[in-house]
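Please read each point with the model open beside the text.

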Amino acid sequence: MEKTDVKKKKGPVRDFFCTLGADLREIGTTWSEGDGKTKLSFLFFGIGPIMRGRRLLGVTFLVVEAALIAFIAGFGWQYFSKLGTLGTVETNASSRVTTYGDNSFLILLFGLLTLCAFFALIFIWRLNVRENRREELLLKAGKHLPSSKSDFESLFDSNFDKTLLALPVIGIFVFTVLPIIFMICVAFTNYDANHQAPSKLFTWVGFENFANLFSFGTDGFGSTFATVLIWTLVWAFFATFLCYFLGIAVAMLINKKGIRFKKFWRTILVMTIAVPQFVSLLYVAKLFAADGLINGTLLRLGWIKEALPFWTDPMWARITIIVVNIWIGIPYLMLIATGLLMNIPEDLYESARIDGASPWQMFRSITLPYMLFVTGPFLLTQFTGNLNNFNVIYLLNQGNPKSMGLVGGAGGTDLLVTWLYKMTINDTNYRMAAVIGIMVFIVTAVTSLVVYNFLPSVKDEEGFQ
Amino acid sequence: MKEKRSSMKRKRLIGNIFSYILLILISLIWLFPFVGLVLNSFRSYKPGVEYGGMVDYLVPKTFSLDSYRFLFSGENNYVQWYLNTIIIAIFTAVLQTMIVLCVSYALSRMRFKGRTLLMRFWLILGMFPGFLTMICLYFLLKQMGLTQAGAIPGLILVYVASSGMGYYVCKGYFDTIPKALDEAARIDGASRARVFLTMTIPMSKPIIIYTALVAFMAPWCDYVFASYIAFGHDSSYNVAVAMQRWVWTGDYQGYFTRFCAGGVLVAIPITILFMLLQNYYVEGVTGGAVKG
Amino acid sequence: MKKRLLSVLLAGAMAVSMLTGCGGKKGGEIKIWVADNVVDFTKTQAEQFLASSDDYKGWTVLVEAVGEGDAAGNMITDVTAGADIYGFAQDQIARLVSAGALVEVEASNAAKVQSANAAGVVNAAKVGDKLYAYPMTADNGYFLYYDKSVVKDPSTLEGIIADCEAAGKNFYMDLGGWYATAFFFGTGCTLTYDTDNDGNFTACNIDYDSDKGLAALKALVQMASSPSFVQGSSAGDAVNYGAIVDGTWDAGTIKEVLGDNYACAKLPTFTVDGQTYQMSGFNGCKLLGVKPQEDADKLAVCDALADYLTSESVQLARYEAVGWGPSNIAAQNSDAVKADPALSALAEQFAYTIPQGNYPGDYWTLAESLRDSIVGGEYKGADDATLKAALASFQSSCQSYAK
């Protein structure tokens with residue numbers, strides 16, 4: 001993680017407006033001081049560079065402009081223009097043959113995409129203006145402009161970052177940024193089972209869904225949300241730290257002097273990582289069922305009279321899930337800890353031993369602080385990862401057992417994400433799912449921020465070096 | 001003195017015996033589900049021989065290969081599902097590794113405007129839960145014809161498109177390669193691209209293998225997204241989507257042993273691959289953990 | 001420039017459509033979703049039908065295995081990518097209509113459907129007063145399967161459970177929204193919803209919050225407290241059972257497990273506070289629906305195909321192939337169907353059940369919550385007041401789904 005520049009942090013808003021002001025001023029001077037080529041470039045991007053002999057750059061500008069305008073005019077505008085209402089033409093199903101009306105979903109999606117295209121157009125325009133200014137200044141100073149060939153070559157040298165990042169950035173934009181913006185918008189609409197595109201329209205409803213989330217009446221989501229949120233945090237805490245400490249313990253056990261076949265023991269544990277979870281977890285889920293192998297065996301041995309309610313009692317289910325998660329988590333942690341334990345200088349232990357320290361003391365004052373220091377950021381990512389640990393919960397018991405005390409189909413072991421998933425899949429309640437998704441983001445972001453500032457490796461740079 | 005030593009020896013011996021017992025216990029617990037899976041897969045589902053649903057005993061009464069035979073009998077598309085998953089996994093592994101390498105190199109070696117902004121922005125993006133955008137991605141892909149029948153390229157596209165955000169481990173590795181090497185080569189006239197292709201990449205074998213291995217393993221487990229993209233089109237399912245029906249859907253009674261058999265066949269190649277490349281995996285995971 | 005590009009594209013598209021050999025305007029692919037075990041059956045039947053007349057030349061079918069449980073959800077997620085004809089359980093019909101995934105049955109077919117099927121079944125295919133689907137089976141109900149060597153007398157619930165406990169066997173019954181009504185309706189409660197023609201729920205008729213409801217809930221809690229009781233009605237997941245409440249679709253599996261001890265009966269009676277009630281429940285059917293189409297030709301073919309796939313002869317053939325009980329009255333009266341032990345137990349049970357109407361999706365989710373609360377032991381040893389409070393909250397939630 002990068003260290004933040006302290007100076008830059010002060011007054012980001014003021015900073016922004018300063019930059020904006022400076023930008024506008026520069027555009028102004030570019031226009032007033034610019035020659036005909038530059039002025040023409042304000043409308044037709046890249047004309048300036050083309051006329052100055054930088055064909056590659058100029059043509060690229062021109063092509064991008066043409067493509068964006070063609071996209072907006074030819075495709076995007078029809079959606080963008082309806083973004084305010086999300087469509088008004090209802091589907092006609094009065095005769096037996098159906099004529100579909102406006103599709104609110106596509107209007108929202110492509111409307112946003114068009115909006116982004118507008119921003120891209122402005123951004124490219126700005127780059128284009130700046131490029132013109134730069135060229136003019138260079139020429140004025142009597143310098144040569146780079147040729148198309150050297151422009152091209154720079155893409156593999158000084159501008160290599162642009163070449164490398166172009167595809168990933170576009171990919172992330174289309175498949176991550178745009179969908180996230182879309183779903184944030186959905187949180188402000190009534191898109192649910194009763195307003196399902198393409199047969200029905202949906203529209204903007206403001207903060208209604210958020211109000212519902214925080215309403216504590218019988219049908220409100222308030223108390224259910226609180227229950228699920230608390231369990232999510234409790235789960236993430238136990239899942240992270242139990243696995244962490246037990247993983248270290250197992251690693252130390254295997255590392256212990258005098259234990260042979262170290263590689264063999266490790267390999268057995270590591271196998272659980274290799275076997276796909278949808279196979280192993282579904283099987284484990286069946287093992288713990290009321291009529292599963294574990295209950296069956298215990299009953300037959302006469303140790304219990306009744307099947308243990310591993311999945312049916314909320315408290316049992318929570319504990320079972322945490323325990324099964326230990327089974328999943330220990331191998332990872334064992335691997336990591338094994339590598340790190342070897343890095344601890346042996347002489348630290350040696351001198352502690354001479355001072356007559358017990359193994360427990362050595363663990364507490366050498367091993368543990370070292371591990372915590374080194375793996376701090378990792379623990380944080382583990383924690384946030386566990387907040388969103390879908391597979392374990394869903395494959396084991398789908399977030400069940402449900403309860404009369406919880407609304408929205410939530411169950412006793414549902415995390416926010418599994419609840420979100422069930423709302424999307426079972427109830428097509430996209431509006432509430434979007435709201436929950438935003439909440440997940442807030443929870444993750446806040447936890448990360450808070451924990452990050454408490455990490456020893458951030459607070460104490462020198463620490464163990 | 002002698003006595004003390006022997007008592008210490010005995011203490012250590014007892015400690016070791018204890019440790020061995022513990023280790024054997026742990027191994028049993030960790031191996032049990034797999035043993036169970038394998039044993040179940042050898043139980044016949046054929047009426048008259050044995051029963052293919054859930055039973056309350058572990059060891060089948062008669063060992064048979066019926067469940068495995070079923071997978072290849074042509075009564076279902078198991079071979080197709082398997083191939084689909086392999087294709088997705090291979091393409092994802094190759095393309096994702098390329099993207100991650102590119103992003104990591106750019107962020108580790110180049111200093112450009114907006115670099116920290118980009119990294120922080122991606123960090124924030126990563127805090128949104130992935131399922132949130134499922135429906136949106138579905139319709140995006142549908143516009144491109146990459147759902148249902150086209151689900152396989154569609155899935156590859158989605159897996160690869162956002163993989164740039166997972167650059168942390170790889171960038172951390174690049175950061176440890178001394179910059180002086182780069183500088184020296186550049187003084188000799190090599191371009192950035194040349195340095196990247198002929199120096200950095202050859203030096204990054206462990207991290208490349210780690211990235212590819214992780215990317216290769218992920219599609220085997222993806223049930224959620226794959227089922228959402230491919231629904232209603234049996235021949236473009238992956239193994240997870242196709243086989244979970246045998247456990248979860250009421251239409252498939254007594255398919256449990258066949259599920260186990262299918263699961264074993266999925267687990268075998270991945271486990272072998274994983275065992276072979278274990279050291280690289282450990283290196284990547286440990287490096288990633290320390291770097292954060 | 002743009003026009004020219006368009007014309008080139010159009011020409012290309014035409015060339016492609018001609019190459020694929022649709023031979024003129026008509027033709028295309030009809031996508032059908034049915035449960036896995038009838039995929040081959042449906043494919044053969046549909047192809048036979050399309051080959052039977054020149055009117056259907058150029059049309060082909062693609063049959064995919066999408067179970068009745070998943071079909072509705074998938075259709076609602078994306079109607080346009082969904083199947084043209086699909087099978088689903090009747091409880092999904094209102095949801096499908098309101099999501100625009102079902103088109104009204106064509107008038108002449110509607111008349112045929114109404115005369116060939118029992119009134120209850122026809123009602124199940126209706127939303128408001130419009131017929132939206134073709135009945136395919138009428139075996140969507142549950143009854144008792146038991147092991148003759150374990151359960152001596154299958155007529156009382158208490159007796160069955162005692163026998164299972166004594167033999168160390170399990171007794172399986174799902175307590176979800178579909179099965180739990182066996183108790184609630186058994187004590188005389190009602191729970192129905194009224195819908196308008198668009199599939200919106202307008203009113204809820206419920207009296208669970210009453211002494212009758214209390215008796216039913218008590219019986220449920222009492223049953224769930226038995227060490228033999230296991231939640232679930234899916235024979236494939238059940239082990240070591242002496243008795244299981246399940247439907248005809250699992251008959252084969254159970255027969256295989258129980259062998260010579262296989263037996264079926266109507267549901268037993270249960271006793272609460274000294275009063276005995278007969279277990280009731282839903283009777284329902286599986287339906288075949290046609291998706292709204294923009295192309296009149298395709299719609300006509302789909303109508304005809306759906307009608308054929310639910311006709312008397314195909315229903316009988318389907319019974320013979322996979323054992324699904326027909327909804328067609330004439331098919332029900334055939335000798336083969338009448339001799340089937342599972343179907344006759346079901347028919348006996350149907351005398352005590354009510355035809356399943358339309359229920360909102362939220363009801364099923366809510367009922368699962370009640371189920372998990374009962375099975376999880378939340379109400380174990382609870383006093384009447386607690387149970388009443390649970391029923392009151394259940395009832396008010398049910399009512400809140402109708403607006």
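Predicted model: local features only at pLDDT ≥ 70, side-chain atom pairs only at ≥ 80, totals over all residues.

1. Strands of a sheet pair through backbone hydrogen bonds, and the pairing may be parallel or antiparallel. Within this sheet, strand β7 (residues 143-147) of chain C and strand β12 (residues 241-246) of chain C are paired in the antiparallel sense over four bridges.

2. In β15(C), C:Gln275 is the bridge partner of C:Val272. The two strands form a hairpin with two residues between them, and in the turn C:Asp273 has a positive phi of about 45°.

3. Turning to the assembly, how much area is buried between chain A and chain B, and what share of it do carbon and sulfur atoms give? The area is about 8400 Å², and carbon and sulfur atoms give 80% of it. Of the area that chain A buries against chain B, A:Phe175, A:Phe278 and A:Tyr283 supply 9%, which is more than any other three residues. In terms of contact, 92 residues of chain A and 95 residues of chain B take part.

4. The interface of chain A and chain B also has polar features, with 12 residue pairs in polar contact, both residues being at pLDDT 80 or more. The rule finds one salt bridge across this interface, and A:Asp157 forms a salt bridge with B:Arg186 in which the closest N and O atoms are 2.8 Å apart. On the side of chain A that touches chain B, helix α8 (residues 160-186) of chain A gives the most, with 18 residues. By class, that side of chain A divides into 66 nonpolar, 16 polar and 10 charged residues.

5. For chain C and chain B, the contact involves 25 residues of chain C and 24 residues of chain B. These two chains bury about 1900 Å² between them, with 50% of it on carbon and sulfur atoms. Within chain C, the residues that lose the most area to chain B are C:Glu64, C:Thr77 and C:Glu256, which together account for 24% of what that side buries.

6. Across the interface of chain C and chain B, the rule finds one salt bridge, and the side chains of C:Asp78 and B:Lys142 meet in a salt bridge at 3.0 Å, N to O. Seven residue pairs are in polar contact across this interface, with both residues at pLDDT 80 or more. The elements that give two or more residues to the side of chain C that touches chain B are β2 (59-65), α3 (68-77) and α10 of chain C, and α3(C) gives the most, with four residues. That side of chain C has nine nonpolar, eight polar and eight charged residues.

7. Finally, some backbone details in chain A deserve a check by eye. Most residues other than glycine have a negative phi, and most peptide bonds are trans. The peptide bond from A:Ala197 to A:Pro198 is cis, with omega near 0°, and A:Pro198 lies in the loop between α8 and α9 (208-213) of chain A. The peptide bond from A:Asn400 to A:Pro401 is also cis, with omega near -5°, and A:Pro401 is in the loop between α17 (390-397) and α18 (416-425) of chain A. A:Leu86, although not a glycine, has a positive phi of about 60°, and its place is in the loop between α5 (55-80) and α6 (104-140) of chain A.

Terms used
Residues numbered from 1 in each chain as written. Chains lettered and ligands numbered in written order. Heavy atoms only, no water. Contact = heavy atoms within 4.5 Å. Buried area = accessible area lost by both parts, 1.4 Å probe. Salt bridge = Lys/Arg side-chain N within 4 Å of Asp/Glu carboxyl O. Polar contact = N/O pair within 3.5 Å; in protein donor to acceptor, adjacent residues only side chain to side chain. Nonpolar A, V, L, I, M, F, W, Y, C, P; charged D, E, K, R; others polar. Pairing = 2+ DSSP bridges.
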